[in-house]
Amino acid sequence: TLRNLSFSLHRGEVTAVIGSTGSGKSTIAKMLLRFHDVTAGRIEFLGQDVRNVGQHELRDHIAYVPQKAWLFSGTIASNLRWGDADATDDELLHAVQTAQATDVVEGKGGLAAEVEQFGRNFSGGQRQRLAIARTLARRPRVLILDDASSALDFATDSKLRRAIRRDFADSAVVLISQRVAAVRSADQILVLDGGRQVGLGTHEELLKSCEVYREICDSQLTSEEAHR
């Protein structure tokens with residue numbers, strides 16, 4: 001369960017969520033999408049309680065990429081158009097470029113390349129990038145990445161985050177991760193511990209004010225890296 005949470009998402013900003021396994025990070029994403037509803041308090045979207053917004057309407061504006069990336073039998077193009085059935089090839093290729101998947105598509109022979117059931121003919125990192133591209137093709141108001149780049153190396157992950165910030169400057173981005181390196185440049189970082197909010201601020205602010213965040217940093221970064 002989650003309790004005592006209070007934060008806002010703003011268009012043009014990246015909000016990161018970090019915490020240990022089981023701290024409630026993915027539950028936040030599911031509540032934003034109304035897979036679960038709050039039992040106390042409220043979640044608002046564009047000034048309305050989400051419980052008064054139809055799930056179809058809500059999910060037209062909020063896009064979610066989970067850690068486990070699913071692809072379907074067909075072609076790369078048909079998989080990407082699950083994000084937007086009316087997207088042109090150029091729009092799909094732009095989403096692919098933002099998702100750092102251009103080499104994947106070109107290496108397979110283009111958008112018409114075959115995709116086996118569950119994407120078995122792609123590696124884990126390739127599936128993740130194509131799943132991200134599929135979601136980016138929707139141009140959502142709110143983009144939720146739930147540990148969606150866990151299979152990517154740090155350099156590719158870093159390029160992906162920079163490209164999303166550049167190309168989705170009008171969207172609110174929620175970045176859920178266990179990597180300090182992935183969240184440290186976010187506009188605000190929400191720190192969870194046992195389902196509770198124990199910190200909210202920038203990387204520099206949390207290093208000073210949040211013991212849980214400092215402990216996470218100490219376990220992943222050298223002292224020099226943490227303060228760089």
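This report covers the aromatic pairs, the charges over rings, and the sheet with its helices in a predicted model.

Residues are numbered from 1 along each chain as its sequence is written, and side-chain values use heavy atoms, with hydrogens and water left out. Because the model is predicted, local features need pLDDT of at least 70 and side-chain atom pairs count only at pLDDT 80 or more, while totals for chains, interfaces and linings use all residues.

**Aromatic pairs**

The structure holds two aromatic pairs. Rings of Phe, Tyr and Trp (its six-membered ring) pair if their centres lie within 6.5 Å; planes under 30 degrees apart count as stacked, over 60 as edge-to-face and the rest as tilted.

| Pair | Class | Centre to centre | Angle between planes |
|---|---|---|---|
| W70 and F118 | edge-to-face | 5.5 Å | 70 degrees |
| F72 and W82 | tilted | 5.6 Å | 45 degrees |

Helices (H or I, at least four residues) and strands (E, at least two) are DSSP runs, numbered from the N terminus. W70 lies in the loop between β4 (62-65) and β5 (74-75), and F118 in the loop between β6 (114-115) and α6 (124-136), so their pair ties together parts that are 48 residues apart in sequence. F72 sits in the loop between β4 and β5, and W82 in the loop between α3 (76-80) and α4 (89-98), 10 residues apart.

Buried means under 20% relative accessible area, exposed over 50%, and partly exposed in between (1.4 Å probe, protein chains only). W70 is partly exposed at 42%, as is F118 at 41%. F72 is partly exposed at 40%, whereas W82 is exposed at 62%.

**Charges over rings**

A charge sits over a ring if NZ of Lys or CZ of Arg is within 6 Å of the ring centre and within 35 degrees of the ring normal. R59 lies over the face of F35, 4.4 Å from the ring centre. The charged end of R139 is placed over the ring of F168, at 4.2 Å from its centre.

**Sheet and helices**

Six strands form an open sheet with mixed pairing, in the order β4-β7-β8-β1-β9-β10; two strands pair if DSSP finds at least two bridges between them. β4 and β10 (196-201) stand at the edges with a single partner strand each, so one side of each has no neighbour in the sheet. Strands β1 (residues 14-19) and β9 (residues 188-193) pair in the parallel sense over five bridges, and T15 stands opposite Q188 in β9.
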